[in-house]
Amino acid sequence: MVLSSALNVVANYIMTKTLISIVGPTAIGKTALSLKLANHFKAEIISADSRQFYKDMQIGTAAPTLAELAAAPHHFIKHIPVENYYNVGTFETDAIKKLNELHNTNPVVIMVGGSGLYVNAVTKGLDDLPRIDIAIREELNAKFQKNGLEVLQFQLKQLDPKAFETIAIDNPQRVIRALEVCLTSGKPYSSFLKNEAKVRDFKTVTIGLTADRNIIYDRINRRVDLMMAEGLLEEVKGLLPKQSLNALNTVGYKELFKYLEGEWSLEFAISEIKKNTRRFAKRQLTWFKKNEETIWFDYKTNVEEIIDSVSKHITI
């Protein structure tokens, strides 16, 4: 792609350490934009998509393809087995360490992903939570495996109604994490969330991609159809022996597990993937809209316009 000489001149005056964070609902085009920005700024990319961290979950998480990975250096893509416990606190530590390394050679780093809590962990930092009693974690995981997520959701609603209304309640890891804090400390999980940003030694410029809801939903439906055509069912079949793992209790996998176990028809499972993904996209937009500093663009916006806007925010 040939960019205007004016934009190249602006890019040359970047002096400060900057993280360009790309957010937005699933299937909106964040990966494609991240590659274009990485190419322009000669930058590397950090993923903040918690589902793409895990190996063996390629198709269902829409992880970057081999060609996309070759187009720019990526970090935190399929770097851990699905069996590993990897939480947002660990990611914050790992990501900040990697950012420090990357900023030593390039003042600009790109971060892309739809996991709002993981994005915030890097840009604002996490609140200091109490040390968790491992026995409580194991007990909650056992309860989840035996009784399902609804039992844990009900327990959280009783212990911390505020957290119940604000966290990603359909995500077992988020629910278990909140319950861990409640049961370990005897206080509501929400009482520890002060939302006080940590001081970072880099500047964050957040770019949001969006579209009309009908367009987002149509893109999601078409993406799910494409995933099925690319072999999502075979990918899920290979993971069937591990279906009890928390990492696999996620959209695109849990629905097809039900099909493979004979509970649902394939047609119904696919329709549920689409429905649950649309719900997830709605929650993503609600989360990301809370950040008033985000610069929003329609998903069809020309990349030169986005680069021009970003450059104005990060040059001295």
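Predicted model: local features only at pLDDT ≥ 70, side-chain atom pairs only at ≥ 80, totals over all residues.

The secondary structure of the protein comprises 14 helices and six strands. If you draw a box along the principal axes, the C-alpha atoms fill roughly 60 × 45 × 35 Å. How does that fit with the chain length? A compact globule of 316 residues would have a radius of gyration near 20 Å, and because the protein has 20 Å, the two agree.

Now for the surface. The accessible surface of the protein amounts to about 15700 Å², and carbon and sulfur atoms contribute 51% of that area. As for charges, the protein has 41 positive and 37 negative ones, and their mean positions lie 2 Å apart.

Moving inwards, 47% of the 316 residues count as buried.

In soluble globular proteins, nonpolar side chains tend to be buried together. Here, the largest nonpolar core has 73 residues, and the members touching the most others are Ile20, Phe41, Phe91, Ile110, Val122 and Ile207. Which residues does Ile207 touch, leaving out those up to four places away in sequence? Its partners include Ile20, Ile22, Val23 and Leu33, and also Thr294, Ile295, Phe297, Ile306 and Val310. There is also a second, separate core: it has 19 residues, among them Ala163, Ile169, Ile176 and Phe192.

Definitions and conventions: Residues numbered from 1 in each chain as written. Heavy atoms only, no water. Helix = DSSP H or I, 4+ residues; strand = E, 2+ residues; numbered from the N terminus. Rg over C-alpha atoms; globule rule 2.2 N^0.38 Å. Buried < 20%, exposed > 50% of the residue type's maximum accessible area, 1.4 Å probe, protein only. Areas by Shrake-Rupley, 256 points an atom, 1.4 Å probe, with all protein chains shown as cover. Lys, Arg positive; Asp, Glu negative; His and termini not counted. Charge placed at Lys NZ, Arg CZ, Asp CG, Glu CD. Core = buried A, V, L, I, M, F, W, Y, C linked by side-chain atoms within 4.5 Å. Contact = heavy atoms within 4.5 Å.
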